[in-house]
Amino acid sequence: QVELVESGGGLVQAGGSLRLSCAASGRTFSSYRMGWFRQAPGKEREFVAGIMWSSGITYYADSVKGRFTISKDNAKYMVHLQMNSLKPEDTAVYYCAAAVASSRSFDSWGQGTQVTVSS
C-alpha cells in the first residue's frame with residue numbers, strides 16, 4: 001500500500017518561494033510516476049507537475065512552467081516541488097499523488113498541505 005505524506009506548506013507573500021515535500025513509502029517506486037495536484041476553494045483539483053521515477057522526465061501545467069520545479073530524491077523516496085515567484089492564484093491545497101507509470105490515472109494520494117499566497 002502506497003503512503004504519501006506532504007509537508008512544507010504555509011503562508012508566503014506574492015513573489016516569494018516555498019518548497020513542498022512528499023515522503024513516499026510502501027513500494028519501490030521505480031515503475032511509478034509521481035505528481036503534484038492542487039485544489040483551490042470552489043474549484044476542481046488540477047494537475048500541477050509530474051515526474052517519471054525511473055527516467056526523471058518532468059512535465060508541468062502551463063500555469064506553473066518556469067516557476068515551479070519538481071524533483072525526486074531516489075535514496076530517500078522523496079518528491080519535492082520548488083515553487084518560485086508565487087502568485088495569489090497559486091493559493092490552494094497541494095496534494096502529492098502516485099501511479100504505476102502505465103496506468104491511466106493517479107490512484108494514491110496524500111492528505112494535502114495548504115499553500116496560501118498573500119497579495
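Buried, in this talk, means under 20% relative accessible area, exposed means over 50%, and partly exposed is what falls in between. I start there because Ser108, at 14% relative accessibility, counts as buried by that cut-off. I will come back to that serine. The model on the screen is a predicted one.

First, the overall picture. The protein has 11 strands and 0 helices. Read along the sequence, the pattern is β-β-β-β-β-β-β-β-β-β-β. The radius of gyration is 13 Å, close to the 14 Å that the globule rule gives for 119 residues, so the protein is as compact as a globular protein of that length. The C-alpha trace spans about 40 × 25 × 25 Å along its principal axes.

Some totals for the chain. Of the 119 residues, 42% count as buried. The protein exposes about 6,200 Å², and carbon and sulfur atoms supply 48% of that area. Turning to contacts with a separation of 6 or more, residues 24 or more positions apart account for 55% of them.

In what order do the strands of the open sheet run? The order is 1-3-8-7, with 4 strands and antiparallel pairing. Strand 1, residues 3–7, and strand 7, residues 68–73, stand at the edges. Each of these two has a single partner strand, so one side of each is left without a neighbour in the sheet. On average, neighbouring strands of this sheet are turned by 15 degrees against each other, direction ignored.

Let me go through two of the pairings. Strand 1 and strand 3 run antiparallel and are joined by 5 bridges. Within that pairing, Glu3 stands opposite Ser25 in strand 3. On to strand 3 with strand 8: residues 18–25 pair with residues 78–83 in the antiparallel sense, over 6 bridges. Leu20 stands opposite Leu81 in strand 8, and the bridge partner of Leu18 is Met83, also in strand 8. As background for anyone looking at side chains here, in a regular strand they alternate between the two faces of the sheet.

How many disulfides does the structure hold? It holds 1, and it joins Cys22 to Cys96 with an S to S distance of 2.1 Å. The pair links distant parts of the chain, with Cys22 in strand 3 and Cys96 in strand 9, residues 92–100, 74 residues apart. The link of Cys22 and Cys96 is left-handed, with -80 degrees about the S-S bond.

Are the two cysteines buried or exposed? Cys22 has a relative accessible area of 0% and is buried. Cys96 is buried as well, with a relative accessible area of 0%.

Cys96 takes us back to Ser108. That serine lies in strand 10, residues 108–109. Which residues does Ser108 touch, not counting those up to four places away in sequence? They are Val2, Leu4, Cys96, Ala97 and Ala98.

Now for the loops. Ala14 is found in the loop between strand 2, residues 10–13, and strand 3. At 42% relative accessibility, Ala14 counts as partly exposed. Leaving aside neighbours within four places in sequence, Ala14 is in contact with Leu86, Pro88, Val117, Ser118 and Ser119. As for Arg67, Ala14 is 53 residues from it in sequence and 13 Å from it in space, C-alpha to C-alpha.

Last, two backbone angles to look at. Tyr77 has a phi near 50 degrees, a positive value in a residue other than glycine. Where is Tyr77 placed? Its place is in the loop between strand 7 and strand 8, and Tyr77 is partly exposed, with a relative accessible area of 30%. Ser85 also has a phi near 50 degrees, again positive in a residue other than glycine. Ser85 lies in the loop between strand 8 and strand 9 and counts as partly exposed at 42% relative accessibility.

Methods:
Residues numbered from 1 in each chain as written. Predicted model: local features only at pLDDT ≥ 70, side-chain atom pairs only at ≥ 80, totals over all residues. Heavy atoms only, no water. Pairing = 2+ DSSP bridges. Axes fitted to C-alpha atoms, helices over the stretch in contact; angles between N-to-C directions. Rg over C-alpha atoms; globule rule 2.2 N^0.38 Å. Buried < 20%, exposed > 50% of the residue type's maximum accessible area, 1.4 Å probe, protein only. Contact = heavy atoms within 4.5 Å. Areas by Shrake-Rupley, 256 points an atom, 1.4 Å probe, with all protein chains shown as cover. Disulfide = S-S within 2.5 Å.
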